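Below is a walk through one protein model, going from the whole chain to single residues. Please keep the sequence and the 3D view open while reading.

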Amino acid sequence: SNSSMLWCGSRRNVKYVADPSEPAAPTKPAPSKEEPVPSAAFDSKTATGASDGFSATVKVPSVNQAPSVNKVRSVDKVPTVNKVPSISFALDDLDSPPQRDGPRSFPRHKDDSPAEVSLPRVLRKDEPHSEVTLQMHLEQHVHPPELQDLVCAIACGCTQASTLMRQGLRHPSNLNVNVGCGDVERMDQRVASILLRELRTVGHVSTVALKTHCEPVDCTDFICNASDLYCPPICYAVTLDPLDGGNNADAGVSVGTIFGVHSVEDVNHSIGSASNVLQPGSKLVAAGYALYGAATQFVLSTGNGVNCFTLQQTRNVFVLTRPRLQMPSRGRSYSLNHGHMRGWEQANADYVDLISYRRSLRYIGTMVADLHRTLLYGGVFLYPANKKRPQGKLRLLYELAPMAFLMEQAGGAASTGSERILDLQPQQLNEVRPACLGSKEDVDNYVGFLALSLDDRESVMAHARARYEENSMR
């Protein structure tokens with residue numbers, strides 16, 4: 001009868017075995033080959049059931065052996081197992097078959113799991129992967145405290161900008177954007193106003209130069225005493241590219257904010273002056289960027305390595321996710337806009353042709369996003385001069401100097417092809433230069449290739465073509 005059977009397996013392909021608590025059935029003669037063997041008459045030590053990729057092995061006593069009442073639980077007292085550690089498993093005679101009717105999920109508390117099963121700890125969705133926040137990192141590794149406040153203000157502004165990016169360019173929001181044509185300039189101005197408002201609350205910023213403004217913004221009226229125009233002894237000047245790659249925002253492509261921080265030595269004699277920010281990149285005391293993509297990431301260097309933080313949306317704080325970031329010395333990809341190839345000098349065109357034999361092209365179109373990938377995985381980012389822009393396109397003060405600072409802090413390099421970017425002294429706020437940033441060996445190879453004579457370049461190209469053709473024949 002069904003009451004004298006133990007359940008084994010799932011709902012389908014169910015097999016029954018005799019309950020050892022019942023009296024043993026009389027021994028029958030062995031059946032012939034044509035007669036199937038009943039499931040309750042075999043002498044095996046185990047019974048198995050399988051369904052839908054699920055298999056289980058349950059040990060039961062043989063029907064010819066004496067029953068052991070103390071070792072078998074009653075069918076009415078079968079406990080529920082919340083989670084089976086793997087698809088293939090084995091249970092001893094003290095355990096019941098797993099119940100597969102309910103949802104398969106990890107128990108929320110350790111007390112809910114069986115004593116004999118060791119389950120891995122799973123992080124909750126709202127639980128951070130690291131306990132080191134940006135504020136904690138700054139307090140431990142960044143000095144003086146005035147610089148901590150400045151970086152926190154920039155991070156706070158980037159958090160607000162990230163929220164605006166999530167809403168989208170064509171979402172009715174306080175961006176005041178022309179929805180019909182996607183006016184990116186107004187969005188750029190809106191992000192700039194957010195960052196500027198946060199920096200004015202710090203109390204140690206004298207000058208802010210923004211890519212969206214023609215002249216530097218004087219912030220001394222917020223930090224100086226109106227009676228004697230006395231400013232604090234520690235003061236900083238900040239350069240900002242509020243929304244790098246803003247033209248890609250309407251398409252949902254990653255965009256970002258780039259910043260650099262200079263120390264102002266003589267505040268009282270250079271209040272709000274452009275000379276506060278017209279300094280070479282080698283004098284930067286801090287630089288970084290925020291990337292608004294699949295996740296909002298905040299990359300920072302204060303001259304002691306590069307650290308990457310990720311915004312935890314539920315807590316609204318940046319959490320350290322990539323400490324002491326170091327980029328590879330050589331990469332497998334290169335990043336540049338091939339559309340300008342016809343306007344390049346022959347040396348740049350030959351170099352791109354050379355590396356295309358053994359590298360993969362990866363180009364997003366947003367400088368901060370392309371360099372973020374290069375920073376993580378290595379490679380080289382190129383933006384050479386062309387006939388239309390003989391001096392280059394990227395701005396030295398707002399884009400190149402901060403990103404070059406980060407690259408060198410992570411073990412990479414940055415050059416114009418003939419000069420180190422951090423050694424360049426900017427003369428104007430919107431000065432532009434050609435650029436090559438990335439892994440150190442890749443940048444050095446680029447500089448060395450441009451220095452070759454025409455005959456030497458042709459020899460290197462011929463050797464590269466021969467190797468490529470040889471490898472393609474294999």
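Among contacts between residues at least 6 apart in sequence, 63% join residues at least 24 apart. The model is a predicted one. Its protein chain has eight helices and 20 strands. Of the 474 residues, 45% count as buried. The accessible surface of the chain comes to about 25,500 Å², and carbon and sulfur atoms account for 50% of that area.

Nine of its 10 residues are buried, so β9 is largely enclosed by the rest of the structure. Two other strands pair with β9. Strand β8 (residues 235-244) is joined to β9 by eight bridges, and the two run antiparallel. Within this pairing, Asp241 of the chain stands opposite Ile258 in β9. Strand β10 (residues 284-292) also pairs with β9 in the antiparallel sense, over eight bridges. Here Thr257 has Ala290 in β10 as its bridge partner.

Next comes a charged residue in a helix. Asp188 lies in helix α3, which spans residues 184-200. Which side chain of opposite charge is nearest to Asp188, and how far away is it? The nearest is Lys211, at 6.4 Å. A salt bridge requires a side-chain nitrogen of Lys or Arg within 4 Å of a carboxyl oxygen of Asp or Glu. Asp188 has no salt bridge, yet this residue is buried. Leaving aside neighbours within four places in sequence, Asp188 is in contact with Thr212, Pro242 and Leu243.

Five strands form an open sheet with mixed pairing, in the order β15-β14-β16-β20-β18. Its edge strands are β15 (360-361) and β18 (412-415), each of which pairs on one side only. Helix α5, made up of residues 367-377, lies across β14 (333-335), β16 (380-383) and β20. The helix runs at about 150° to β16.

Four bridges join β18 to β20 (residues 435-439), and the two strands run antiparallel. Ala413 has Gly438 in β20 as its bridge partner, while the partner of Ala414 in β20 is Leu437. Are the faces of β18 covered or open? Both are covered: Gly412 and Ala414 are buried on one side, and Ala413 and Ser415 are buried on the other.

Notes:
Residues are numbered from 1 along each chain as its sequence is written. This is a predicted model: local features need pLDDT of at least 70, side-chain atom pairs count only at pLDDT 80 or more; totals for chains, interfaces and linings use all residues. Side-chain values use heavy atoms; hydrogens and water are left out. Two strands pair if DSSP finds at least two bridges between them. Contact means heavy atoms within 4.5 Å. Axes are lines fitted to C-alpha atoms, for helices over the stretch in contact, and angles run from 0 to 180 degrees between N-to-C directions. Buried means under 20% relative accessible area, exposed over 50%, partly exposed in between (1.4 Å probe, protein chains only). Lys and Arg count as positive and Asp and Glu as negative; His and the chain ends are not counted. Accessible areas come from the Shrake-Rupley method with a 1.4 Å probe; for residues, only the protein chains shown count as cover.
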